[in-house]
Amino acid sequence: MIVLGAGPAGLVLANLLLDQGIDCVVLERADRAHIESRARAGFLAAATVRILERHGLAAGLRLRGKVHGTCEFRTEEARFRLDYSTLGSGDTHVVYPQQELVRDLLERFLSAGGQIRFGVEATEVRDADGDRPAVHVREPDGRTARWQGRYVAGCDGRHGAARRSLPSGSAVRRHIDHRVSWLGLLAEAPPSLDAVGYAVHGRGFAGHMARTDTVTRYYLQVARGTPADSWSDERIWDELDLRMGAKEHGPLTRGRIVERAVVDLESDVLDPLRHGRLLLAGDAGALISPSAAKGANLAVLEAELLGRALGDALLRGTEEGLDAYSARCLAHVWRAQEFSRWMIELLHAPSDWHGLPVGTRDPDTPCGAAGESLFLDALRRSRLASLAVSRRQQDWFAERYVGL
Ligand code: FAD
C-alpha cells in the first residue's frame, strides 16, 4: 500500500493502516523539518478530535491544545460575541497548530515501525485500473524510480501527482474562484482576544485567530495580485487596528510578522474521489477555502473513512467500503463547502469593492457596479444583524461552524 503525502490526511491514514497490520510506505516530497514546521490550520473541530482520540492519535493535542468556544464579530458600528459552546450542538474547537499535529502523527507512525521516505516526489500514478498500480517518483538524488502496491492513496494535496494522474474524463471537477484574497500572517505576539475575531469592515475583512500563547494568526483581505511582501509590518498593524476597531474595542498586541502569504480563496472538488485503485483524500480530492477552517478537519475525516475501507478490502476481501468511499466523503465535503461559501459572503466586501461608493440618490440614474456593490454590502450586513439577535440563526451557525 502506497500513501502519497505526509500531511494530516496521509499521516492519519498511514497510522490507521499500520494499526491494522497493513504494510504501507509514505512517500513525501518535502523533508522532515519542512513538514514539521509548515504553519497552516489550527482549529480542530470536536468531531476531528474524537476521530484522533478513537485511534490513539490525540495525546499531544489533549496536552497542549486549547479548548475554544467563542467568536466575536465586529463592524464599524458595533460588535457581538457568540459563545458557540452553548449553541447548536454545544461542541467546541481545540486550537492546536497543524505542524504540531503533523509532528505527533509522524512520531507515532515512526515509533510503531512505519516506513516513510522524505524528499521523494511522486511524478505520476500509472495503471490505477489494474491490480498493481505504480507510482513513478523522483528520488532525492534526482534519479527516477517506481513503486508498486495494491492501492495508492493520493494524499498529496492540491498540486500533487495523484489528481494530475487521473485520466481525462474520469472525474467531474467543480471549481470556484471566490474572487477574494487574504494576506495570511503569523505574528510573534500573544492573542489579543480570547475569541476568534471577524471584522466586517468597509475596507475589507480582517481576522484574528489564536494559535499559541506567543503566536497569533491574522488575516487581511487584500486586492487580488497584491504581492505578500508589499506591506510593511507597520502598515499591516495599522490596517488591522483600523479594521478591527482597536480604538473602540482595545489594542491589538503587536509583534514581529514572522510569516506572510497571499491566499486566493478557491474551492475545487473532484467527483468521484476514486479511480480504480487510486483513492484521493484531503486537499488532493477536495480543496476548500480556509474561510471556515474546515480543510484539515475534512482531511482527517476522509482518512478515517479510507483507512476503514482499505482495511476491509485488504484484510477481508470486500470492496464495498471503497465503492461507497467517494459518496460518503463528498456528502461531508459539500456540507462544509456550503458553509464556507456562506462565511465568505458574510465576511467579505464584494470582489470589486474599493471602499464605500457614493452610489446614486436619483432613482432614475443607472448606478451600475457601484450600486451592485452597495446592494451586496447591505445584504451581508443584514445577514450579520440577524446572526446577532436570532437564537435560531446562532444555533444554525454554531452547528455548522464547529461541525463536520
Ligand atoms: P497537505 O497538508 O497539503 O499535505 C500534502 C503533503 O503532500 C505535503 O506534505 C506535500 O509536501 C506532499 N506532496 C505534495 N506533492 C507531492 C508529490 N508529488 N509527491 C509526494 N508528496 C507530495 N484547515 C482547517 O481545518 N482549519 C484551519 O484553521 C485552517 N487554516 C488554514 C490556513 C491557511 C493559511 C491555509 C493555507 C490552509 C488552512 N487550512 C485550515 C486548510 C488545511 O491546512 C489543509 O486543508 C490541510 O493541510 C489538508 O491536508 P492534506 O493532508 O490533504 O494536504
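Helices (H or I, at least four residues) and strands (E, at least two) are DSSP runs, numbered from the N terminus. The model is a predicted one, in which local features need pLDDT of at least 70 and side-chain atom pairs count only at pLDDT 80 or more, while totals for chains, interfaces and linings use all residues. Residues are numbered from 1 along each chain as its sequence is written, and side-chain values use heavy atoms, with hydrogens and water left out.

Start with the ligand. Helix H9 gives the largest share of the shell around it, four residues. Helix H1 (8–19), strand E2 (25–28) and strand E9 (121–126) are also among the elements that each supply at least two shell residues. An oxygen atom of the ligand lies 3.0 Å from a polar backbone atom of Ala-9, and a polar side-chain atom of Arg-40 is 2.9 Å from an oxygen atom of the ligand. For Asp-283, a polar backbone atom is 2.8 Å from a ligand oxygen. The ligand taken alone exposes 1000 Å², of which the protein buries 93% (accessible areas come from the Shrake-Rupley method with a 1.4 Å probe; for residues, only the protein chains shown count as cover).

Eight strands form an open sheet in the order E6-E5-E14-E15-E16-E13-E17-E20, with mixed pairing (two strands pair if DSSP finds at least two bridges between them). Strands E6 (79–83) and E20 (286–287) stand at the edges with a single partner strand each, so one side of each has no neighbour in the sheet. E20 runs antiparallel to E17 (residues 256–271), and two bridges join them. Ala-286 in E20 is the bridge partner of Val-269.

Methods. A polar contact is a pair of N or O atoms within 3.5 Å; within protein, one must be able to donate a hydrogen and the other to accept it, and residues adjacent in sequence count only if both atoms are side-chain atoms.
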